[in-house]
Amino acid sequence: MRNISDIIEQHLKRILTESPDGSIEIQRSELADIFQCVPSQINYVINTRFTVEKGYVVESKRGGGGYIRIRKLQIVSKAKLQELLTEELIGESITQGVGYAIIDRLLEEKLVSQREAALMKIATSRSVLLVDAELRDRLRATMLKQMIATILLR
């Protein structure tokens, strides 16, 4: 059985898909009422499952008329995507979790196959990169940048 976070995520992704402009505005309290959960559960889902690495921009306005706007980032070109991923998101060092989120985004955008994503994750996992954490994160960043450049060139 799926947990409430998975259900909320799927609901938000479904309504995002149905949105003509690729964005939605929600009120945390209304969504919490729908799913019979606390508003902090909604925050958790948004903060962990709708990140820039995963291809989303989240804006929020607090207060009485407050809202949360979620927008799916559109891929304008492979060159722009490569620039965003390698220069802004990956940088010189990247953790395994953030690296995996980027790989998942590539899979969701159908830029890699399930098999390629699995291989990328294995190659950049901490169980394969058996060096100290700082070097491992730098090595992972370099490997991911090269993998992404190769993938986006095809």
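1. Let's start with the sheet. This predicted model has an open sheet of 3 strands in the order S1-S3-S2, paired antiparallel. Strands here are DSSP E runs of at least two residues, helices are H or I runs of at least four, and both are numbered from the N terminus. Two strands count as paired if DSSP finds at least two bridges between them. Strands S1 (23-26) and S2 (56-61) sit at the edges with a single partner strand each, so one side of each has no neighbour in the sheet. From one strand to the next, the twist averages 15 degrees.

2. Now for one pairing in detail. S2 and S3 (residues 67-72) run antiparallel over 6 bridges. Look for valine 58: its bridge partner in S3 is isoleucine 70. Helix H1 (residues 4-18) packs on the sheet and touches S1, S2 and S3, its direction making about 130 degrees with that of S1. (Angles run from 0 to 180 degrees between N-to-C directions, and axes are lines fitted to C-alpha atoms, for helices over the stretch in contact.)

3. Buried is under 20% relative accessible area, exposed is over 50% and partly exposed is in between, with a 1.4 Å probe and protein chains only. The core has 17 residues, and Leu85, Ile90, Ile102, Leu106, Met120 and Ile148 touch the most other members. Helices H4 (78-90), H5 (96-108), H6 (114-123) and H7 (133-153) each give two or more residues. H7 gives the most, with 5. Apart from this core lies another of 16 residues, including Ile8 and Phe35.

4. How do H5 and H7 sit together? Their axes come within 11 Å and cross at roughly 10 degrees. Gln96, Gly99, Ile102, Ile103 and Leu106 of H5 meet Arg140, Leu144 and Ile148 of H7; contact means heavy atoms within 4.5 Å.

5. Finally, H4. Its buried residues are Leu81, Leu85, Thr86, Leu89 and Ile90, and what covers them includes H5 and H7. Just after H4, glycine 91 takes a positive phi of about 65 degrees.

6. A note on reading all this. Residues are numbered from 1 along each chain as its sequence is written, and side-chain values use heavy atoms, without hydrogens or water. Local features need pLDDT of at least 70 and side-chain atom pairs count only at pLDDT 80 or more, while totals for chains, interfaces and linings use all residues.

Methods: A nonpolar core is a set of buried Ala, Val, Leu, Ile, Met, Phe, Trp, Tyr and Cys residues joined through side-chain atoms within 4.5 Å.
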